[in-house]
Amino acid sequence: MTDLDLKRYEVATTHEDIIRGNAEVVLERMIPWDGYMKANLIMDRELDLIRKYDKKSADARATLIQREGDTYAALFLELVNKINKEETIHYLLAIIDNLLTENPDASALFLKLNAKNPVLPFDPFLRILARNNCDWFMSAKASSILATLMSNTSVSPDHVKFICNWLKVNLAKAEEKEVNNAIVVLPRFLRNDAFRLPFADEGGVRQLAILKKQKMKNFQLLYQLTSALWLLSYNRDVAADKFKDTKAIQTTVEVLRTVTKEKVLRMELATLRNLLDIGDNNEEMIDADVMKPLENLMNRNWGDEDMKADLETLNDTLQKHVVVLSTFDMYKKEILSGHLEWSPVHRSEKFWRENVSRLEEDNNRILLYLKGLLTESTNPTVQSIACYDLGEFARIHPRGKILLQKLGIKLPLMALMDARDEQVKKQALTAVQKLLVTNWEYLAK
């Protein structure tokens, strides 16, 4: 694909527009089919079939497929297998992808070939994705063809593993077109439940959460990423275990808070509804402060009845869960997750007075977690909050200073007094003062 080919499409609004524009350029090319016949790469009969199909109108192509669909499916795969020239591979992939797009029933023509040859119809396209010189357009078209063919049929575990690994690798690439290729086809693969758990096992949920943060202003890619998470949420095993500690729920709540595009919000709400009452998802939603954006969205006038129903179900269910879940339970969950934020509970005098002794439960488990965060976390906010909480424990618990000394927490607190981050340094200094001073309230005045 040359730079000249791309110029007329450089203002395309979506990645699909870019692919479509490049496909139009590719399909305008004249392929030297006669030369391939002279080189014995194609036979007379194959050349005759190509001439009947090549550069013809959509109606003429549809008539040919209706009459000789099985023959053309076999021909196209045979040509992909035999010809290695990049421009011709581009052309063949564009023709096949167009055929599958124009005629949804054409998938069956390719899938039927498996009865005669067990490596068909997938292997020719899998080999293209595995090529060292597979450029972004080849990748876009080969993956699109595979997504169409694999979405509604049985796929072997080996093929599922290959595709999930290809998706993982491409979603992590530095080249934006390669990343966007994977984002565009991912929801189509995930229509088939066979891909959902294996993709999640490859760290797919966390990867999508990270990409959502990066693509927040690109509504089309954000929609496709959210669609992928929505499809993943239909798998019970994925919903119960694979969203946990991935930031996927937190990112979804952030989208509800900041994005106004209705189709994106609809998909985000549908995803949360699928996750509702499964595993620890309710707690994660509440920890992510989902109630406020839900309230704001419920105050708006939505025409979509499914969206209204999802909002009501989420709000009603989570409101009941907030009542059941005590403040200390939420605090404990936050500490054990290691993802600390300056939520109101940390600075609540009432909370500390009522719950300070509970930090000793399970052999001082929470205190020891806070100690670990002082030395192991690289996040200044987490370290600052850990310092603050330990200082409050020392200030309010009758034996807090003695307990922190016994648990060896004084030294890591003192070490953070020399931290590079000013906030960490300030909170560490204050915590040490609380640990050493008997009448802190008097000093604080």
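# Exercises on an all-helix model

Twelve of the 17 residues of α6 are buried, so this helix is largely enclosed by the rest of the structure. Here, buried means under 20% relative accessible area, exposed means over 50%, and partly exposed lies in between, with a 1.4 Å probe and protein chains only.

Before you start: this is a predicted model, in which local features need pLDDT of at least 70, side-chain atom pairs count only at pLDDT 80 or more, and totals for chains, interfaces and linings use all residues. Residues are numbered from 1 along each chain as its sequence is written, and side-chain values use heavy atoms, with hydrogens and water left out.

## Exercise 1: the whole protein

Find how many helices and strands the protein has, and describe its overall dimensions.

*Step 1.* Begin with the elements: there are 28 helices and zero strands. Helices (H or I, at least four residues) and strands (E, at least two) are DSSP runs, numbered from the N terminus.

*Step 2.* Next, take the span: along its principal axes the C-alpha trace covers about 100 × 45 × 40 Å.

*Step 3.* Now set the radius of gyration beside a reference. The protein has 29 Å, while a compact globule of 445 residues would be near 22 Å. The radius is taken over C-alpha atoms, and the globule rule is 2.2 Å times the number of residues to the power 0.38.

*Step 4.* Finish with burial and contacts. Of the 445 residues, 50% count as buried. Among contacts (heavy atoms within 4.5 Å) between residues at least 6 apart in sequence, 69% join residues at least 24 apart.

## Exercise 2: helix α6

Work out which residues of α6 are buried, and what the helix reaches from its first C-alpha to its last.

*Step 1.* Helix α6 has 17 residues and reaches 24 Å, close to the 24 Å expected at 1.5 Å a residue. The expected span is 1.5 Å times one less than the number of residues.

*Step 2.* Keep one rule in mind as you look: an α-helix has 3.6 residues a turn, so residues three or four places apart point the same way.

## Exercise 3: the enclosed space

Find the largest cavity and say which residues line it.

*Step 1.* The idea is simple: rolling a probe the size of a water molecule over the atoms shows where empty space is left. On a 1 Å grid over the protein atoms alone, a cavity is a set of points where a 1.4 Å probe fits but cannot get out; a pocket is an open set with protein on both sides within 12 Å along at least five of seven lines; lining residues have an atom within 4 Å of a point. Grid points are joined across faces, edges and corners, and a volume is the space filled by probe spheres set on the points.

*Step 2.* The search finds one cavity of 30 Å³ or more, and the largest cavity holds about 50 Å³ of space.

*Step 3.* Its lining is made of Trp33, Ile50, Tyr53, Asp54, Phe76, Leu79, Leu92 and Ile95. Two or more of these residues come from each of α4 (44–53), α5 (58–82) and α6.

*Step 4.* Sort the lining by type: seven are nonpolar, none polar and one charged. Ala, Val, Leu, Ile, Met, Phe, Trp, Tyr, Cys and Pro count as nonpolar, Asp, Glu, Lys and Arg as charged, and the others, Gly among them, as polar.
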